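Hi there,

Here is the structure I promised to pass on to you.

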Amino acid sequence: MGLTGVLQGRRGPLELVLVRHGESVGNVADTTARDKDADRLELAARDADVELSPNGEEQARTLGRWVAGLSEDERPDLVVSSPYRRAADTARAALGDLGSEFLLDERLRERDLGLFDGLTGKGIRAHHPDEAKRRSHVGKFYYQPPAGESWADVVLRVRSLLADLREGYDGRRVWLFTHQAVIMSFRYALEGLDEEHLLEIDRTMRIPNASVTRYRRDDDGLALQDFADDSHLTTGPAEKTEEPDSAEQARDA
């Protein structure tokens with residue numbers, strides 16, 4: 001167990017729920033680019049401004065109806081969201097009527113791909129072959145794209161946020177609305193995973209849009225209860241989706 005795991009056993013939220021944003025127009029553009037075997041996504045908006053797709057909006061509303069059916073002691077005391085539009089809009093659509101404290105925190109933002117933003121894996125290999133080779137050598141967890149972030153950089157953000165939650169929200173139920181790589185980084189920090197184990201989970205499992213990953217406190221700290229659960233979406237008309245976030249467009253590069 002890493003240092004975060006040791007410290008988080010002493011105090012902090014009673015429950016920590018991580019929600020991936022609903023399907024975005026970026027997710028749809030990524031799927032289209034892959035289907036066309038294109039180098040780049042057809043997406044004009046900067047990553048922070050990417051909106052939910054109509055299906056993603058319905059996913060958020062369905063999530064909200066499910067949360068409204070929970071008992072009072074299962075609902076969040078605090079909601080914190082990535083400031084990126086697709087995450088914040090998911091949070092507001094799902095939980096906006098509950099009256100929970102709502103905050104935006106940039107530490108929950110998407111991983112920054114820097115120079116690779118908007119490129120597919122094929123595009124990176126075509127336009128930045130030296131960087132593609134360097135990534136292959138360094139590995140996905142530690143590789144930092146030019147002007148961008150590695151997964152390890154995201155983990156540092158996550159550890160910082162967890163430290164604040166331990167100090168200010170002891171014994172409370174906290175829901176975080178964020179992105180795929182960030183949720184995986186929480187798993188790394190909270191469960192004391194190593195690089196190999198984390199990447200194996202990432203390789204074999206997807207985190208669906210509007211899915212819920214839940215940790216609950218026991219005597220040893222926050223223990224994983226549910227991972228990437230989107231069963232609540234079966235109650236509504238939204239289509240289930242699990243497209244990678246924009247920061248994972250280059251997962252095969």
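**Aromatic pairs**

The structure contains three aromatic pairs, where rings of Phe, Tyr and Trp (its six-membered ring) pair if their centres lie within 6.5 Å, and planes under 30 degrees apart count as stacked, over 60 as edge-to-face and the rest as tilted. Please keep in mind that this is a predicted model: local features need pLDDT of at least 70, side-chain atom pairs count only at pLDDT 80 or more, and totals for chains, interfaces and linings use all residues. Residues are numbered from 1 along each chain as its sequence is written, and side-chain values use heavy atoms, with hydrogens and water left out.

Phe-116 and Tyr-143 are stacked, because their ring centres are 6.4 Å apart and their planes meet at 20°. Phe-116 sits in the loop between β3 and α5 (121-127), and Tyr-143 in the loop between α6 (129-138) and α7 (151-168), so this pair ties together parts that are 27 residues apart in sequence. Helices here are DSSP runs (H or I, at least four residues), as are strands (E, at least two), numbered from the N terminus. Both Phe-116 and Tyr-143 are buried; buried means under 20% relative accessible area, exposed over 50%, and partly exposed in between (1.4 Å probe, protein chains only).

Phe-141 and Tyr-142 make an edge-to-face pair, with 4.7 Å from centre to centre and 85° between the planes. Phe-141 counts as buried at 2% relative accessibility, whereas Tyr-142, at 45%, counts as partly exposed. Together with Tyr-188, Phe-141 and Tyr-142 form one aromatic cluster.

**The sheet**

β1 and β5 pair in the antiparallel sense, over five bridges, and Val-19 has Val-212 in β5 as its bridge partner.

**Helix α3**

Helix α3 (residues 54-68) has 15 residues and spans 21 Å from its first C-alpha to its last, close to the 21 Å expected at 1.5 Å a residue (1.5 Å times one less than its number of residues). Its buried residues include Asn-55, Leu-63 and Val-67. Among the elements that cover the buried residues of α3 are β1 (15-20) and α4 (85-95), with contact meaning heavy atoms within 4.5 Å.

Happy browsing!

Conventions: Two strands pair if DSSP finds at least two bridges between them.
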